Amino acid sequence: MLDNSEGYVTEDGRKIGGVVMEMKNITLRFGGVVAIKDISFDIREGEIRAIIGPNGAGKSSMLNVISGFYVPQEGEVWFHGSKRPQMRPFEVAQQGIARTFQNIALFEGMSVLDNVMTGRLGYMKTNIFQQALWKGKAEAEETENREAVEKIIDFLEIQHIRKTPVSRLPYGLKKRVELARALAAEPKLLLLDEPMAGMNVEEKEDMSRFILDVNDEFGTTIALIEHDMGVVMDLSDRVVVMDYGKKIGDGTPDEVRNNQEVIDAYLGVSHD
Amino acid sequence: MFYREAGDFKTSYTADSQTFPIKFDRYRYYVVLAVAFGIIPFIINDYWANALLLPFLIYAIAAIGLNILVGYCGQVSLGTGGFMAVGAYACYKLMTAFPDVSMFIHVLLAGGITAIVGVLFGLPSLRIKGFYLAVATLAAQFFLVWLFNRVPWFYNYSASGQINAPERDVFGIIITGPNAPAWATYLFCLIFLSFCAIIARNLTRGTTGRTWMAIRDMDIAAEIIGVNPLKAKLTAFAVSSFFVGIAGALFFAVYLGAVEVGEVFGIQKSFLVLFMVIIGGLGSIFGSFAGAAFLVLLPVVLKVVGVDVLGWPTDIVAHLQLVIVGALIITFLILEPHGLAQLWRVAKEKLRLWPFPH
């Protein structure tokens with residue numbers, strides 16, 4: 001386990017900073033079902049943190065707790081050194097946490113460009129009257145944010161589809177547009193819920209490359225859930241392993257790989 | 001050939017986000033504006049104004065308003081008639097209380113008052129969606145009509161319970177009342193329509209429009225990217241009601257002159273405007289124009305064909321009119337659920353390649 005508070009240096013030589021987000025003893029119940037049982041872990045600045053586990057382990061619930069959809073019955077969420085009060089999801093977003101969804105959650109009726117532009121919402125400061133007038137402040141703001149968005153569009157190589165309605169795009173591209181929308185917010189913490197689900201090998205390779213590039217280029221802190229073990233082990237700096245709502249492992253990919261409990265959870269032994 | 005984007009390069013993002021990015025569209029828009037402002041006022045007569053142009057202009061404003069709510073923000077409303085009534089009564093009260101103030105101000109204020117009422121009735125939208133919200137707005141419709149019928153203060157204690165528009169002018173030109181010239185009423189409504197359409201376009205192409213559409217397409221995802229659902233829905237209700245209120249004020253003061261609320265602003269008015277929006281195309285400003293034109297023009301065309309050309313009795317034509325309009329609406333919804341605006345879009349895509357389809 002790594003517990004030095006100053007951060008650490010990864011195998012490939014990237015410097016990881018202090019703690020960005022810390023989950024302290026989170027317990028989440030739905031009626032009688034305990035989805036998450038007393039889990040604590042942290043996410044450090046600039047790292048790629050994976051949350052893995054078999055189906056139903058509570059990974060997505062964990063992400064939903066971080067992004068404010070679920071309110072845990074017990075435990076605290078600390079973000080940038082202060083305890084987060086109970087927040088609505090849009091307030092969490094305004095704090096600088098962006099995410100993508102397991103089943104794509106794009107705005108189907110809008111073009112790719114408009115979808116990515118929605119990611120810039122936090123940077124739009126004009127009021128409705130200025131926007132109604134358009135000329136002047138609103139137009140300047142639109143242009144300014146458009147420039148930022150075009151950088152993301154270039155970065156993710158989706159220039160050719162920027163005016164296409166999202167509903168016409170194939171699955172793999174939709175995933176990429178969703179990533180673009182999350183990135184457009186220039187988040188302090190980016191949550192990816194199964195970014196590679198349902199993709200073929202080539203698309204997975206592309207997506208992995210993009211995730212690494214995002215981390216490298218913008219220094220974005222990333223927390224991701226993924227089922228493809230090969231991808232997880234290659235991409236992430238540290239891994240949290242969950243099973244039946246409990247944390248059964250936490251550490252570098254190598255540590256996790258050799259953890260007996262993790263092996264059991266994945267290969268299956270009787271839970272008695 | 002006529003209509004193409006090729007060679008029309010944009011060198012700035014500002015140029016790319018303008019209302020009519022394609023040159024041909026832009027020129028057509030200028031031509032339409034020139035004809036509407038520069039030619040029609042000189043050739044208009046009372047028949048054309050009252051049968052076609054005024055209802056078209058006013059319904060187009062109402063349709064733009066409803067389209068913002070239903071088409072852009074995805075909140076179904078059946079309260080349009082009620083909100084038009086708010087606009088009409090607000091305008092009436094203002095006209096009679098402040099006779100010297102310009103009608104422009106009265107109509108705008110009437111829109112503003114309707115916006116406040118709209119926000120109030122929009123509050124349930126935070127909790128309920130879809131059909132249930134439609135029912136809640138239906139309650140608004142009936143409540144408002146009841147209110148204006150029952151509280152004599154709203155119709156200044158007149159014996160008939162009606163409201164009558166007194167004669168008012170703008171810069172010395174009479175706009176309301178029986179002596180208003182056709183060209184003046186037409187121009188007055190046209191100015192408001194242009195004003196509303198430009199505002200609607202500016203809002204829908206920018207941040208506000210994107211938050212509305214985000215709420216419409218997927219409210220959960222909208223929230224996760226930082227859209228405050230309360231703010232987004234209530235601004236949609238406010239802007240929508242503002243336009244609908246303006247339409248109501250014009251409908252009463254400029255077009256009809258006298259209004260009995262249950263008859264004019266009843267539930268059938270809500271449905272009429274909703275049909276305009278659906279037939280024209282949800283989520284399209286152009287669609288609002290097309291829908292309003294279609295439903296205003298259709299009865300007139302049917303009447304001309306039935307009574308004047310075929311020589312049928314008026315009552316039969318009037319009944320046939322209902323049947324045909326109804327049948328057309330159903331056919332339309334089945335064949336092109338995205339409305340006239342989508343037909344137009346498809347036509348443009350075809351034209352872009354014409355005459356070589358590949």
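Q: How many residues of chain A are in contact with how many residues of chain B?
A: This is a predicted model, in which local features need pLDDT of at least 70 and side-chain atom pairs count only at pLDDT 80 or more, while totals for chains, interfaces and linings use all residues. Residues are numbered from 1 along each chain as its sequence is written, with chains lettered from A and ligands numbered from 1 in the order in which they are written. Two residues are in contact if their C-beta atoms, placed from the backbone, lie within 7 Å. On that criterion the count is 31 residues of chain A and 26 residues of chain B.

Q: Which element gives the most to the side of chain A that touches chain B?
A: Helices (H or I, at least four residues) and strands (E, at least two) are DSSP runs, numbered from the N terminus. The elements of chain A that give two or more residues to this side are α2 (89-94), α3 (112-118), α4 (128-133) and α5 (137-155). With six residues, the element that gives the most is α5(A).

Q: How do the residues of the side of chain A that touches chain B divide into nonpolar, polar and charged?
A: Ala, Val, Leu, Ile, Met, Phe, Trp, Tyr, Cys and Pro count as nonpolar, Asp, Glu, Lys and Arg as charged, and the others, Gly among them, as polar. The division on this side of chain A is 15 nonpolar, eight polar and eight charged.

Q: What is the radius of gyration of chain A?
A: Chain A has 10 helices and 12 strands. For its 272 residues the globule rule (2.2 Å times the number of residues to the power 0.38, with the radius taken over C-alpha atoms) gives 19 Å. The chain comes close to that value, so it is as compact as a globular protein of that length, with a radius of gyration of 19 Å.

Q: What is the radius of gyration of chain B?
A: Chain B contains 15 helices and four strands. The globule rule gives 21 Å for 358 residues, and chain B is close to this, so it is as compact as a globular protein of that length. Its radius of gyration is 21 Å.

Q: What percentage of the 358 residues of chain B count as buried?
A: A residue is buried if 20 or more other C-beta atoms lie within 10 Å of its own, exposed if 12 or fewer, and partly exposed in between, with C-beta atoms placed from the backbone. For chain B the buried share is 45%.
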